[in-house]
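This briefing concerns the fold of one chain and the way in which two chains meet. Please consult the sequence and the structure while reading the points below.

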There are 2 protein chains.
Amino acid sequence: MTTPAEQLLTALHWRYATKSFDPGRTIEPSTWQALEQALVLTASSYGLQPWKFLVITDPALRAELRPHSWNQSQITDCSHLVVLLSKRTIDPADADRLIDCTAAARGLDPAMLAGYRQMIQVDLIEGPRSAVVDEWAARQVYIALGNLLSSAALLGVDTCAIEGFSPADYDRILALEGSDYRSCVVCACGHRSADDRYANLAKVRYPATDLIEHR
Amino acid sequence: MTTPAEQLLTALHWRYATKSFDPGRTIEPSTWQALEQALVLTASSYGLQPWKFLVITDPALRAELRPHSWNQSQITDCSHLVVLLSKRTIDPADADRLIDCTAAARGLDPAMLAGYRQMIQVDLIEGPRSAVVDEWAARQVYIALGNLLSSAALLGVDTCAIEGFSPADYDRILALEGSDYRSCVVCACGHRSADDRYANLAKVRYPATDLIEHR
């Protein structure tokens, strides 16, 4: 009988940036469904969810993306390729959307949430953060990436987070130009190939005593 | 018997941005140890780990930080307050540190990793990303945040990620000015107070059909 802590750490030790996926293995549909739900459940500042997730399985589209991803084989060989998109701007309509969704979920009059809406307005829409709101949104997307990497490991799904791609080319190929969202980061999901030599290399982490300081 | 997917989704549904922590409950030491290990195991681009994690339990220090955090009670009432720091710059010394650590972990001559070191050099140190490397580092820290939020939920630990604080004041109080690291984001960890009314509110998420697109 393993404890939850042991299960967690075993999974986090098991995961690694998979270099070679087994192109013949697809993720079980029920497992993939759970990972999509995990993505949806990701936390975000104010709960604004400034993201979308493109799940790409079409081989032709993946072949088109690969040369714009340093030609990495994970793009075409993984089971499910996720392009995590961040919202380019945060507008009053985004605040309204969240307030309306919250009111509906909790059976409230949206007017009761006016104070909450105002916080978003003065921070992200009119405040100093509005000048860097695209980067703020990108950071939120990386929360989703962190959640996805850990969630996948817990379900025995291999991943490789990929920053080595051309966002401009992705945006063009994925028809995101002129849309509200842009390509932020990519995550290949699937199952490692039996001969991925990276799977057996020792994990490299700085000592906890260098990374964690208690005060 | 619950499946791993059910366990994961139950935990992600259970978590919420805790507004009121029980100041009398500390996280079990073995559980906290596991969460520190989970933080250390977080994935990062190139494996560069451009972060540090300050775990603050000193009540006086937390009282000093609270007014610079919109006076949020979580700062003083949680069990373990984590300030996640991002590295301000990525220098040749950072690449050397990673290469040396990798060579030691894997029993290699560092010279065998020259190609890998060169990739870091031309991307983060000399390439276009060098101009935004502080933001690149911050994004990596948000992977750690996403991992921490999910890992904590799996271990029954409540969290509240906090962007509402003054990084400049934190840097001053935590003696980070002039150091290699800066305050990036905060995460309060502990156990929810029995009367936190937010614990029972319906979770607000946009429909999966709006957030996830299949191609």
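In this predicted model, residues 24 or more positions apart account for 81% of the contacts in chain A that have a separation of 6 or more. Buried residues make up 41% of the 215 residues in chain A. Chain A meets chain B through an interface that involves 58 residues of chain B and 59 residues of chain A.

**Architecture of chain A**

- Nine helices and five strands are found in chain A.
- Their order along the sequence of chain A is α-α-β-α-α-β-α-α-α-β-α-β-α-β.
- The C-alpha trace of chain A spans about 60 × 45 × 35 Å along its principal axes.

**Relation between the two copies**

**Composition of the interface**

- In total, 58 residues of chain B are in contact with 59 residues of chain A.
- On the side of chain B that touches chain A, two or more residues each come from the helices α1 (4–14), α2 (29–40), α5 (92–106), α7 (133–154) and α9 (208–211) of chain B, and likewise from the strands β1 (51–56) and β5 (212–214) of chain B.
- Helix α7(B) provides the largest share of that side, with 13 residues.
- By class, the residues on the side of chain B that touches chain A comprise 34 nonpolar, 14 polar and ten charged.

- An open sheet of five strands runs in the order β3(A)-β4(A)-β2(A)-β1(A)-β5(B), and its pairing is mixed.
- Its edge strands are β3 (158–162) of chain A and β5 of chain B, each of which pairs on one side only.
- From one strand to the next, the twist averages 25°.
- Strands of a sheet pair through backbone hydrogen bonds, in either a parallel or an antiparallel manner.
- Strand β1 (residues 51–56) of chain A and β5(B) run parallel and are joined by three bridges.
- Across this pairing, Leu54(A) stands opposite Glu213(B) in β5(B), and Val55(A) stands opposite His214(B) in β5(B).

**Packing of α1(B) on α7(B)**

- Helices α1(B) and α7(B) pack at an angle of about 105°, and their axes are 8 Å apart.
- Because angles of 65 to 115 degrees count as roughly perpendicular, α1(B) is roughly perpendicular to α7(B).
- The residues that meet are Ala11(B), Leu12(B) and Trp14(B) in α1(B) and Ser150(B), Ala153(B) and Leu154(B) in α7(B).
- This contact of α1(B) with α7(B) has five nonpolar residues, one polar residue and no charged residues.
- Both helices also give two or more residues to the side of chain B that touches chain A.

Terms used: Residues are numbered from 1 along each chain as its sequence is written. Chains are lettered from A and ligands numbered from 1 in the order in which they are written. This is a predicted model: local features need pLDDT of at least 70, side-chain atom pairs count only at pLDDT 80 or more; totals for chains, interfaces and linings use all residues. Two residues are in contact if their C-beta atoms, placed from the backbone, lie within 7 Å. Helices (H or I, at least four residues) and strands (E, at least two) are DSSP runs, numbered from the N terminus. Ala, Val, Leu, Ile, Met, Phe, Trp, Tyr, Cys and Pro count as nonpolar, Asp, Glu, Lys and Arg as charged, and the others, Gly among them, as polar. Two strands pair if DSSP finds at least two bridges between them. Axes are lines fitted to C-alpha atoms, for helices over the stretch in contact, and angles run from 0 to 180 degrees between N-to-C directions. A residue is buried if 20 or more other C-beta atoms lie within 10 Å of its own, exposed if 12 or fewer, and partly exposed in between; C-beta atoms are placed from the backbone. Angles under 35 degrees count as roughly parallel, over 145 as roughly antiparallel, 65 to 115 as roughly perpendicular and the rest as oblique.
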